Amino acid sequence: MPRVERSVALAKDSRLRFVAMLVGAFVLYNIPYLRAPFMWFETYCHEMSHGLAAVLTGGRIENLVLRLDGSGLLWHSGSAFRPLVSFAGYSGAIGMGVLMTLGATRMDGRSAKGVVLGAALIVFLSGLVFHGGNAGFGSWVVTAGITTFMAACLLALYRWGTHRLAGGMMQFIGLYILISGIRAPFFQLGAPQSDAAGLAEQTFIPAFVWVGVWALLGLLGLFFCYRKARRAQSVVPALRRSQEINLRLQAGLLQWFLVPPLGGADSGPSWAGLSLRLGGEMAEMCHLLKIIRIGGDLLAIGLRLFAFLG
């Protein structure tokens with residue numbers, strides 16, 4: 001299969017797979033019992049984002065609690081900037097969802113399986129280690145059981161899953177986390193004990209503002225991932241145009257060397273004739289360079305947005 005046609009097929013496959021997984025994740029989010037394992041992954045990312053923010057601001061993680069209904073808690077102490085810790089729950093989970101979604105499309109299969117193995121070890125150990133005095137032994141048993149189950153699923157995916165399946169599952173979980181990051185904050189409106197209520201108390205900014213910020217971040221993350229999925233398709237016309245220009249340039253050079261100039265066969269090649277024949281090709285090349293420059297600017301903007309979301 002020619003290179004350009006293969007790029008077209010891969011681009012269409014990437015976009016269709018993204019849309020299909022997004023629809024599947026949205027449907028699964030609304031099925032109470034089937035969504036439980038994915039809710040545990042989302043809650044784990046949410047709570048560990050709190051913990052990471054606490055550690056980065058000079059604190060420490062005291063206790064991690066995951067419940068069977070998909071909720072969770074994380075106790076921390078010693079943080080020098082509590083508003084950042086409160087804000088990091090949903091925003092950090094959204095950032096992890098973006099990283100998982102993009103990582104699944106950018107990494108090869110072997111790297112994806114390596115990430116799955118690393119995630120399994122981290123999830124398993126964190127469920128056993130982060131146990132303090134803020135919750136009882138029963139809560140620790142449930143948390144350890146949930147994290148062990150999550151780690152076992154990841155290990156099974158690493159051991160028996162194909163490279164493509166590992167990348168696809170990583171992308172699906174990332175999309176599920178993004179959908180949850182958009183919808184879940186709205187359930188905190190009116191809740192007396194929530195991240196939004198805590199931020200409202202700490203910053204004197206109403207809780208609904210923080211809910212809107214989280215939902216907006218989730219939408220931006222989802223839109224950014226969708227644009228990255230479409231980017232492969234958007235470069236296909238440029239690749240096809242580049243191939244056409246290359247063929248025309250080769251044909252022009254071949255004609256210039258084979259066809260005698262107007263002065264006769266013995267007068268040698270004409271540089272004026274070369275300029276006339278290649279002038280149109282150079283204009284086409286300049287147009288392609290402009291497209292590439294615009295693409296580079298868009299990529300730079302996307303990377304800045306990606307750094308902001310992370």
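Analyst: Arginine 35 is placed over the face of tyrosine 29, at 5.6 Å from the ring centre. This placement, like every value below, comes from a predicted model. Tyr29 also belongs to a cluster, in which ring pairs link it with Phe38, Phe172 and Tyr176.

The account now turns to individual ring pairs. A pair of aromatic rings is described by two quantities, the distance of the centres and the angle of the planes. The count of aromatic pairs comes to 8. One of them joins tryptophan 40 and phenylalanine 149: the ring centres are 5.8 Å apart and the planes stand at 90 degrees, which is over the 60 degrees required, so the pair is edge-to-face. This pair connects distant parts of the chain, with tryptophan 40 in helix H2 (residues 36–56) and phenylalanine 149 in helix H5, 109 residues apart. The two partners fall into separate burial classes: tryptophan 40 has a relative accessible area of 13% and is buried, whereas phenylalanine 149, at 38%, is partly exposed.

A second pair is formed by tyrosine 90 and tryptophan 214. Their ring centres lie 5.0 Å apart with the planes at 50 degrees, an angle between the limits of 30 and 60 degrees, and therefore the pair is tilted. Here too distant parts of the chain are linked, since tyrosine 90 belongs to helix H3 (residues 82–106) and tryptophan 214 to helix H8 (residues 207–234), 124 residues apart. Both tyrosine 90 and tryptophan 214 are buried.

The buried residues of H5 are Thr143, Ala144, Ile146, Thr147, Met150, Ala151, Leu154 and Leu157. Phenylalanine 149, as stated, is partly exposed.

Side chains of opposite charge can pair when their charged atoms come close. A search of the whole structure finds 1 salt bridge, formed by glutamate 62 and arginine 60, whose closest N and O atoms are 3.5 Å apart. Glutamate 62 has a relative accessible area of 25% and is partly exposed, while arginine 60, at 52%, counts as exposed.

Notes:
Residues numbered from 1 in each chain as written. Predicted model: local features only at pLDDT ≥ 70, side-chain atom pairs only at ≥ 80, totals over all residues. Heavy atoms only, no water. Buried < 20%, exposed > 50% of the residue type's maximum accessible area, 1.4 Å probe, protein only. Helix = DSSP H or I, 4+ residues; strand = E, 2+ residues; numbered from the N terminus. Phe/Tyr/Trp six-rings, centres within 6.5 Å; stacked < 30°, edge-to-face > 60°. Lys NZ or Arg CZ within 6 Å of the ring centre and 35° of its normal. Salt bridge = Lys/Arg side-chain N within 4 Å of Asp/Glu carboxyl O.
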